[in-house]
Each structure stands twice: as C-alpha cells, then as structure tokens.
Amino acid sequence: MSIRLDNIGKRFGGFSALGDIDLEVEPREFLALLGPSGSGKTTLLRIVAGLEFPDSGRVFYDGEDITDLKVADRGVGFVFQHYALFRHMTVADNVAFGLTVRRRRDRPPRAEIRDRVQKLLDLVQLGQLGARYPAQLSGGQRQRVALARALAVDPKLLLLDEPFGALDARVRKDLRRWLRELHDRMGLTSIFVTHDQDEALELADRIVVMDHGVIEQVDTPQKIYDEPASAFVFDFVGESNQLPVTVSGGRARLFDRPLALPEGTATPGEGPARLFFRPHDAEIVADEAGALPITVTLARPNSGTIRVEGRLDALERLIEIDAPMGDAPQVGARIAVRPTRARLYAGTGAE
Amino acid sequence: MQGGATTESRLARAIIMTVGLGFLALFLVMPLVVVFGEALKEGLAAYRDAIVEPDALAAIRLTLLVAAIAVPLNIVFGIAAAWAITKFDFPGKSLLITFIDLPFSVSPVVSGLIYVLLFGAQGWLGPWLEQHDIQIIFAVPGMVLATVFVTFPFVARELIPLMSEQGRDDEEAALSLGASGWQAFWHATLPNVRWGLLYGVLLCNARAMGEFGAVSVVSGHIRGETNTMPLHVEILYNEYNFVAAFAVASLLALLALVTLVLKSFLEWRYDYHGKGSGH
C-alpha cells in the first residue's frame with residue numbers, strides 16, 4: 001500500500017508537534033521515522049494510523065483520502081511501544097481479538113479463527129504458547145504476540161512504535177532481522193518509529209530524520225550517513241566531530257588557523273560555519289600545517305581500529321578519530337589530524 | 001545487635017503498640033461488642049422478634065431498595081465520570097474532578113437540605129411537582145436521590161487513579177484491531193479495572209445502606225414507609241426500646257463486618273493482580 005501525507009500539521013495546546021509534513025511511502029517499503037524524543041515522530045505515526053487526527057493536511061492510502069476515517073475502519077496493524085497486550089486474555093485470545101470483535105456476518109467461524117491464530121503463532125515462533133497469559137512471557141515473546149495480533153486482521157500497512165525499545169540488546173538484534181524478513185515475505189508496507197540510529201540504518205529502506213516537528217531529510221541509509229542534509233542529521237546519525245569555523249574566500253579557518261579541507265568539500269557562504277567529520281574519515285599526518293593539532297588523551301581498541309581521543313589545543317574540545325591497528329599514538333603524544341572527508345554547514349548552531 | 005535507623009527500642013515499640021491496640025479496642029471493638037451484647041441481652045427470641053416486627057422488616061426492605069437503585073446508578077455515573085476524565089481532554093475537566101469530591105466535603109445534612117430546597121413544598125420545583133402529583137421529598141424518590149448524591153464519589157474515586165495509571169494504550173490497541181468503542185470498553189478497559197470497580201461498589205453499597213444524615217432530612221420518618229434501617233434504629237432508641245434498637249443496629253454492624261472481609265479479600269486480589277501483570 002502506498003501512503004501520501006500532504007501538508008500535515010498538528011498542535012498540542014501552544015506547542016507545534018508537527019509542521020507541514022509532506023511524505024510519500026512506496027508500496028512494500030520499510031520506512032523508519034528517526035529522531036530524538038519530542039521530534040514528532042510518534043505523533044506522525046499515530047496520525048498515519050488514525051489514532052491522532054491532524055489539525056491541517058490530508059492523509060492518503062493508495063491515493064484515497066482517509067484523513068477522517070477512524071482507526072477501527074482503516075485496517076492497519078499497529079504495534080504499541082509497550083505492546084498493550086490484554087492482560088486478562090490468553091495469548092491465543094489476544095491474537096484472535098481482531099477477528100472476534102467483528103460483526104457476526106464478517107466474522108469467520110470459530111474453527112477458522114482458531115486455525116488462523118495457530119498459523120500466526122507459528123509464524124511468530126510461539127506456536128506452543130497460545131494458552132499462556134502475557135504476564136508469563138518474556139519481553140521478546142510479548143513483542144511477537146503483539147505483532148501476531150496486529151497481523152491477524154490482515155493489514156497491508158504495519159505501523160510500529162519503538163518496536164524494540166523495551167528489549168535487551170541481544171533480543172533486539174535477532175528480532176530486527178526477523179521483522180525485516182517477515183516484512184519482505186508478507187509483502188507489507190511498514191513504518192516504524194525509533195530513536196536508535198543503528199536500528200534505522202540496519203533495517204529501513206529509507207529513513208525519515210525528524211527534529212522539532214519537521215523533516216530534516218528523507219533518504220536511503222547510505223545517503224543519510226554519507227550525505228547528511230543538515231548539521232542536525234550529521235550530528236544525530238553516526239558518530240561525528242564538530243568544529244566551529246569561519247568561512248572566508250572559499251577557505252575555512254579555525255580561529256586564525258587555516259584548515260586544509262579535503263578535496264571536493266562544498267563550502268557554504270561567507271561567515272561562521274560548522275565543520276563535521278566522522279572519526280573514521282580522518283588520518284594522522286606528519287605535517288601540522290592545515291591540520292588539527294591534538295594532544296592524545298586516550299587510545300583504545302575499537303572493533304578493528306584504535307579509537308584515539310585527543311584534546312584540540314586551541315579549544316576545550318575532544319576530537320575522536322580511528323587510527324589503524326598497530327599504528328596508534330601514545331597517550332600524551334602531540335599529533336596532527338586531518339579529515340579526509342568532511343562537510344560544512346552554515347551557522348554557529350546556536351540559533 | 002545494632003538496630004537499623006528505623007528500629008525503635010523495645011520499650012518504645014511496646015508503648016506504641018499498646019496505644020494503637022488500646023485505641024482500637026476502646027473505639028472500635030468495644031462498641032461492636034456493646035451492640036451485639038445489648039441486642040442479645042434478653043435472649044435470642046427477643047432479638048428475633050425485634051427484627052421480624054413489620055416496621056423493622058419494612059425498614060430493611062426500604063434500605064435494600066434504596067441501595068439497589070442508588071448503587072447501580074453510581075456504578076454507571078462513576079464509570080462514565082472516570083472514563084471521561086481519564087481518557088479524554090475537555091474544558092472544565094478539573095472542575096469536574098473537584099465536583100466529584102463535593103459529596104465528601106459537604107455535610108450530609110446539607111446534602112439532604114439541598115433536595116428539600118429543590119423539591120420540597122416550599123422549594124423551587126415544589127409547586128410544579130404538587131400540581132402533577134409527584135412526591136419526592138418525604139418519599140422514596142427523595143431518599144434515593146439523597147443516597148445517590150452522598151455515595152457518588154466512591155466508584156469514581158476508586159477508578160480515576162486506576163484508569164489514568166493504565167493509560168489509553170489498551171483501548172487504542174482494541175480500536176486499531178477494529179473494535180467499536182463499546183467493545184474496547186468491555187474487553188479492554190473494564191477487565192483492567194474490575195477489582196478496583198468491585199472495591200468501589202462495595203464501599204458505595206456500605207455507605208448507601210448506612211447513610212443517616214442526608215436521608216434523615218428528606219425521609220420524614222414515617223414508620224413502615226420512609227424509614228431505612230439507620231433511621232429505624234434512631235426511632236427505637238428514642239423510644240427507649242433498646243433491645244430492638246440494638247438488634248437492628250447489629251444487622252448494620254454485621255453488614256460492616258462482611259464489607260470489611262470482602263474489602264480485605266478484594267485488596268488482596270487487587271494487589272496480586274496488579275503486581276503479576278508486568279505491564
């Protein structure tokens with residue numbers, strides 16, 4: 001199912017939760033809404049679901065305007081952050097709920113409901129646990145029950161609010177992969193909300209990065225990581241170093257020191273700007289000219305490289321870079337660092 | 001042995017416990033003993049006679065009738081108020097919360113007088129009611145109204161914290177699965193609050209049967225007609241008919257004891273379920 005959001009706005013009291021959101025989701029796409037808390041990502045998801053109604057703008061499913069349709073009539077699967085399983089019902093009754101509440105003439109016969117529930121429980125690998133109560137399950141199992149329950153109504157669109165937020169790291173990793181497989185196998189269109197960039201980068205076809213109720217960037221994980229459209233995106237997704245610089249005459253200066261920027265770095269207009277680069281996009285050089293002189297404060301192994309932390313002389317600021325194994329500087333040494341890939345964004349970031 | 005910061009000396013503990021238990025015995029257990037003692041002073045036959053006497057039976061019947069109307073009404077009102085307050089945002093919400101407490105903060109006598117003022121012969125609606133031959137004050141409808149008013153907060157107060165703590169997730173989950181509003185309430189909301197609801201109903205019922213002040217004002221004390229059990233006890237007592245007065249009073253005391261036992265049971269269930277859910 002394709003989804004189109006047209007100019008969506010939402011206020012809570014005097015607070016603008018969403019401002020003029022435009023977004024299109026392709027059929028069978030797995031889309032992540034990524035942002036810090038308060039960025040409006042959950043509100044946007046709830047508006048897509050029909051749990052919340054926008055103050056302005058329209059929502060389209062497959063080109064059809066369903067803005068005023070209630071959640072019960074939209075036929076979407078929604079998985080809640082804390083699962084919202086019915087505590088007094090068995091796992092099987094939970095999964096069957098979407099079918100048993102149907103009007104008599106739309107309701108499948110009891111035997112058929114039982115079969116479908118069993119199939120769904122098998123699908124989420126909980127085939128033996130139908131008679132248990134939610135309180136008797138682990139977090140990961142509850143999550144899968146919630147998913148099976150949402151899938152029981154045969155939705156074309158699956159919406160998930162922080163689906164892995166309450167799980168420990170190991171379970172989270174397994175469930176992610178499994179969810180992605182399920183999405184592909186069932187031909188769903190899925191949107192999930194997360195504040196975890198790794199989750200979004202690993203799982204999604206495209207990522208929507210949000211901040212303060214507006215969309216900062218919509219792109220593939222690769223592009224979000226390699227070509228962040230704004231300082232916020234660079235900062236929020238992946239690790240980064242950030243330096244206040246001044247751009248004049250197409251060159252960047254850190255205080256009075258000229259900085260040699262990597263080839264092809266686009267420079268914004270004259271004035272204050274921020275330089276961003278990732279720890280793995282920097283090298284240690286012999287020549288201090290045009291480089292960043294730092295005093296090493298920490299050097300420790302970090303998955304295949306040595307993470308070097310150092311204090312920039314001119315500024316009370318730490319710089320992190322990844323140096324190749326076996327070539328790491330000693331703590332206390334003075335070295336020069338030069339970014340090999342960097343981006344400049346206009347402004348000081350304080351506005 | 002070194003005691004913890006909150007462990008008092010043996011002597012202090014003994015004093016505190018003696019004071020606590022002494023108070024309990026003096027003000028709670030003794031009256032109870034007196035009630036049953038006085039009621040049975042002239043033997044079981046006299047006790048039985050006092051209860052099966054027609055006026056006493058009428059009072060029991062009326063008490064049950066008033067409670068049977070007031071309690072279900074307050075279940076509906078209480079759930080509706082708690083639902084509205086916890087699941088929706090609307091202007092005047094905090095005002096509604098304040099008003100729910102009104103019957104607790106106002107003297108029951110005043111509660112009764114409100115109805116006399118409203119429906120009595122000299123009241124605002126009195127003349128109109130008289131024209132249409134409807135009697136509310138000094139009749140059963142007035143007593144039901146007064147009881148409903150006085151016992152209104154019990155169910156609502158019990159449900160509001162419970163329902164606001166549980167949030168809207170479960171209802172929203174039900175709705176997203178295609179349930180109607182009523183189905184969401186019946187299958188998702190109500191089961192989550194059932195023990196709290198029962199607890200509120202129990203307290204509501206105990207108060208409905210035991211209410212004296214407000215009902216006394218609107219009843220008119222017509223023997224065999226508008227006397228509830230508490231009013232009947234008062235009349236008997238004022239007539240120096242102590243055995244009968246205490247016999248009827250003992251029934252109310254029994255109701256209190258049963259209520260306490262049920263309340264403890266519900267608290268135990270409530271706790272047990274609240275903790276086991278791991279929500």
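The phi angle of A:D154 is near 60°, a positive value, and the residue is not a glycine. As background, most residues other than glycine have a negative phi. Please keep in mind throughout that this is a predicted model.

What is the order of the four strands in the open sheet? Going across, they are β2-β1-β4-β5 of chain A, and the pairing is antiparallel. At the edges stand β2 (15-25) and β5 (64-65) of chain A; each has a single partner strand, so one side of each is left without a neighbour in the sheet. Helix α1 of chain A, residues 41-49, packs on this sheet and touches β1 (3-12), β2 and β4 of chain A. The direction of α1 makes about 120° with that of β1(A). Please remember that helix, as I will come back to it.

If you want to find the pairing on screen, look for A:F60, whose bridge partner in β5(A) is A:D65.

Further along chain A, β19 is worth a look. Which strands pair with β19, residues 334-339? One of them is β15 (residues 282-285) of chain A, antiparallel, over four bridges. On that side, A:I284 stands opposite A:V337 of β19(A). Another is β16 (residues 292-302) of chain A, which pairs with β19(A) over four bridges, again in the antiparallel sense. Here A:T295 is the residue opposite A:R334 in β19(A).

Next, the contact between the chains. Interface size is often given as the accessible area lost when the parts come together. Chain B and chain A bury about 1900 Å² between them, with 58% of it on carbon and sulfur atoms. In chain B, the residues that lose the most area to chain A are B:E172, B:S176 and B:L177, which together make up 32% of what that side buries. Counting residues in the contact, chain B gives 21 and chain A gives 22.

How many residue pairs are in polar contact across the interface of chain B and chain A? The rule finds four, with both residues at pLDDT 80 or more. On chain B's side, the elements that give two or more residues are α10 (169-176) and α11 (181-210). The largest share, seven residues, comes from α10(B). Sorted by class, the side of chain B that touches chain A has seven nonpolar, 10 polar and four charged residues.

Last, the salt bridges. Over all chains, a search of the whole structure finds 25 of them. B:E172 lies in helix α10 of chain B and A:R46 in helix α1 of chain A, so this pair joins two chains. The count between chain B and chain A is one salt bridge. In that pair, the side chains of B:E172 and A:R46 meet at 2.6 Å, N to O. And that brings us back to α1 of chain A, the helix that packs on the sheet.

Technical notes
Residues numbered from 1 in each chain as written. Chains lettered and ligands numbered in written order. Predicted model: local features only at pLDDT ≥ 70, side-chain atom pairs only at ≥ 80, totals over all residues. Heavy atoms only, no water. Pairing = 2+ DSSP bridges. Contact = heavy atoms within 4.5 Å. Axes fitted to C-alpha atoms, helices over the stretch in contact; angles between N-to-C directions. Buried area = accessible area lost by both parts, 1.4 Å probe. Salt bridge = Lys/Arg side-chain N within 4 Å of Asp/Glu carboxyl O. Polar contact = N/O pair within 3.5 Å; in protein donor to acceptor, adjacent residues only side chain to side chain. Nonpolar A, V, L, I, M, F, W, Y, C, P; charged D, E, K, R; others polar.
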